[in-house]
Amino acid sequence: MIRVHHTGYVVRDLDAYAASLPGLALEKEVVDPVQNARIALYQVGDASRIELIQPLGESAFTWAHLDRAGEGLHHICYEGVGADAIDGYLRQHRLMRVRGPVHAILFDRDVVFAVTRQRAIVEFIL
């Protein structure tokens, strides 16, 4: 069964952005060399999570997004579609794969990024 795992935000300063949001409890923080970003996952209440992504340089996957759109919502992440089913799921929902699978050290699992026809970014934890 598919479910929302987290909502991801791209930020300039992870600590300052986290301090501005109420109710966050740090679950895990890493520096991801593949994404060239400092990334933190926060629990919010019983079942919600927020991921904050601070790109560390121009080679970061999210650098252009931050430069173009500024801080804020970057993606919605889903869980529950396996690696063996992801291609069919993307086709069925008319999503275009843009990256992955790549290993996300924050989750110690592979992820796939795709975009909707409305250009919303979605992530799938495999």
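Tutor: Helices (H or I, at least four residues) and strands (E, at least two) are DSSP runs here, numbered from the N terminus. On that basis His-75, the residue to look at, sits in strand β5, which covers residues 72-79. The model is predicted, so local features need pLDDT of at least 70 and side-chain atom pairs count only at pLDDT 80 or more, while totals for chains, interfaces and linings use all residues. Residues are numbered from 1 along each chain as its sequence is written, and side-chain values use heavy atoms, with hydrogens and water left out.

His-75 counts as buried because its relative accessibility is 2%; buried means under 20% relative accessible area, exposed over 50%, and partly exposed in between, with a 1.4 Å probe and protein chains only. Its contacts (heavy atoms within 4.5 Å), leaving aside neighbours within four places in sequence, are His-6, Thr-7, Gly-8, Glu-51, Ile-53, Phe-113, Ile-121 and Glu-123. Two residues in that list also make polar contacts with His-75 through their side chains: His-6 at 3.1 Å and Glu-123 at 2.9 Å. A polar contact is a pair of N or O atoms within 3.5 Å; within protein, one must be able to donate a hydrogen and the other to accept it, and residues adjacent in sequence count only if both atoms are side-chain atoms. Ser-20 lies 55 residues from His-75 along the chain, and the C-alpha atoms of the two are separated by 19 Å.

Strand β5 also carries Glu-79. The side chain of Glu-79 meets that of Arg-3 in a salt bridge, at 2.6 Å from N to O. This pair links distant parts of the chain, since Arg-3 is in strand β1 (residues 3-10) and the two residues are 76 apart. A salt bridge is a side-chain nitrogen of Lys or Arg within 4 Å of a carboxyl oxygen of Asp or Glu. Glu-79 is buried, at 14% relative accessible area, whereas Arg-3 is partly exposed at 39%. Glu-79 forms a salt bridge with Arg-109 too, the closest N and O atoms being 2.8 Å apart. That pair again links distant parts of the chain, with Arg-109 in strand β7 (residues 109-115), 30 residues from Glu-79. Through shared partners, Arg-3, Glu-79 and Arg-109 are joined into one network of salt bridges. Arg-109 is partly exposed, with 30% relative accessibility.

The structure holds six salt bridges. One of them pairs Arg-38 with Glu-29, with closest N and O atoms 2.6 Å apart; Arg-38 is buried at 17%, and Glu-29 is partly exposed at 36%.

Some backbone details remain. Gly-100 and Pro-101 are joined by a cis peptide bond, with omega about 10°, and Pro-101 lies in strand β6. Asp-108, in the loop between β6 and β7, has a positive phi near 55° although it is not glycine; Asp-108 is exposed at 55%.

For the whole, the protein has three helices and eight strands, in the order β-α-β-β-β-α-β-α-β-β-β from the N terminus. The radius of gyration is 14 Å, close to the 14 Å that the globule rule gives for 126 residues, so the protein is as compact as a globular protein of that length. That radius is taken over C-alpha atoms, and the rule is 2.2 Å times the number of residues to the power 0.38. Buried residues make up 42% of the 126.
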